[in-house]
Amino acid sequence: MAPLAAASSPADRPRAAERPVQVVFVHGIRTSATMWRAQLAHLRDRAVPAVAVDLPGHGSRMSERFTLEGAMQTIGDAVTDAADRGPVLLVGHSMGGLLCIAYMGSEPAPPVSAFIAASCTAIPRGVGLATYRALARGFDRLPGRGQRIADWVLDRTLPEDTRPDFGAGGYAYDAQDVALKSLSVLDLLAALRRIHAPTWFINGQYDQLRVSERLFVSLVPGAELIVVPRTSHLVTAMRPRVFNALLDVATATAARSDSANGSVSHAKGHQAAENR
């Protein structure tokens with residue numbers, strides 16, 4: 001990336017209103033970028049540019065080893081690239097949401113205009129994390145690594161049009177335990193206090209990771225909590241129309257924020273990216 005001093009002048013840059021919102025999606029554990037198919041199709045129909053990344057050890061990068069550093073680098077690279085073209089809406093689900101919270105709380109602040117954290121309002125430490133890892137390892141020892149049970153659950157809880165999306169990029173069995181273990185070092189409470197972009201926490205009513213949702217919301221100024229009724233942890237696929245409507249709200253908010261701040265906001269975003 002060119003130094004900030006070499007960037008185009010405000011007069012040469014497109015006006016804020018002409019810069020389309022860019023959406024960056026970060027998937028959850030064991031799945032891949034394919035989990036966002038319904039959202040990508042929705043945004044494509046509205047001519048909103050979007051990209052869904054694969055984290056290390058997942059999807060198209062299944063052969064790589066998952067590392068926290070590699071995951072954060074993946075998010076940072078995608079956001080920095082998107083910020084060159086317009087205001088960024090960052091969207092993370094489950095593990096991807098936790099990683100995005102840590103990224104959003106980094107210093108200097110990343111060039112993100114709005115943020116959706118879905119199904120990730122729990123602190124991955126202590127007994128809760130140990131129990132989750134134990135259950136995951138137990139399923140991994142079952143025949144077929146427990147995939148028949150997972151398929152049975154998906155068949156009975158997800159709509160037919162989104163049912164294949166979580167597994168279309170393959171399941172990252174080998175990355176699961178190391179990824180879960182790595183989350184324990186994240187200081188999410190400190191990160192949440194440093195988030196100042198418009199933020200939405202979106203949970204399903206029956207999501208097991210709702211345990212700290214009120215705490216998370218209280219730590220981010222102006223954040224909103226949205227609980228989708230009759231919905232599990234897989235809110236993006238179980239209620240895609242609801243989630244997509246919330247995406248529309250967030251993209252509109254990001255666009256208004258960019259229009260209000262103009263080139264000054266864009267320059268600050270570039271400066272933050274250069275300093276990372």
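Is Asp 81 buried, partly exposed or exposed? In this predicted model, Asp 81 has a relative accessibility of 42% and therefore counts as partly exposed. Its side chain takes part in a salt bridge with Arg 85, in which the closest N and O atoms are 3.1 Å apart. Arg 85, at 40% relative accessibility, is likewise classed as partly exposed.

Another joins Arg 61 to Glu 64, with 3.0 Å between the closest N and O atoms. Arg 61 is partly exposed, with a relative accessible area of 21%, and Glu 64 is partly exposed at 36%.

A further salt bridge connects the side chains of Asp 165 and Arg 37, at 3.5 Å from N to O. Because Asp 165 belongs to the loop between helix 5 (147-157) and helix 6 (173-182) while Arg 37 belongs to helix 1 (residues 37-45), this pair ties together parts that lie 128 residues apart in sequence. Asp 165 is buried, its relative accessible area being 5%, whereas Arg 37 is partly exposed at 42%.

Helix 2 contributes Leu 68, Ala 71, Met 72, Ile 75, Gly 76 and Val 79 to the contact, and helix 3 contributes Leu 99, Cys 100, Ala 102 and Tyr 103. By class, nine of these residues are nonpolar, one is polar and none is charged.

Definitions and conventions: Residues are numbered from 1 along each chain as its sequence is written. This is a predicted model: local features need pLDDT of at least 70, side-chain atom pairs count only at pLDDT 80 or more; totals for chains, interfaces and linings use all residues. Side-chain values use heavy atoms; hydrogens and water are left out. Contact means heavy atoms within 4.5 Å. Helices (H or I, at least four residues) and strands (E, at least two) are DSSP runs, numbered from the N terminus. Ala, Val, Leu, Ile, Met, Phe, Trp, Tyr, Cys and Pro count as nonpolar, Asp, Glu, Lys and Arg as charged, and the others, Gly among them, as polar. A salt bridge is a side-chain nitrogen of Lys or Arg within 4 Å of a carboxyl oxygen of Asp or Glu. Buried means under 20% relative accessible area, exposed over 50%, partly exposed in between (1.4 Å probe, protein chains only).
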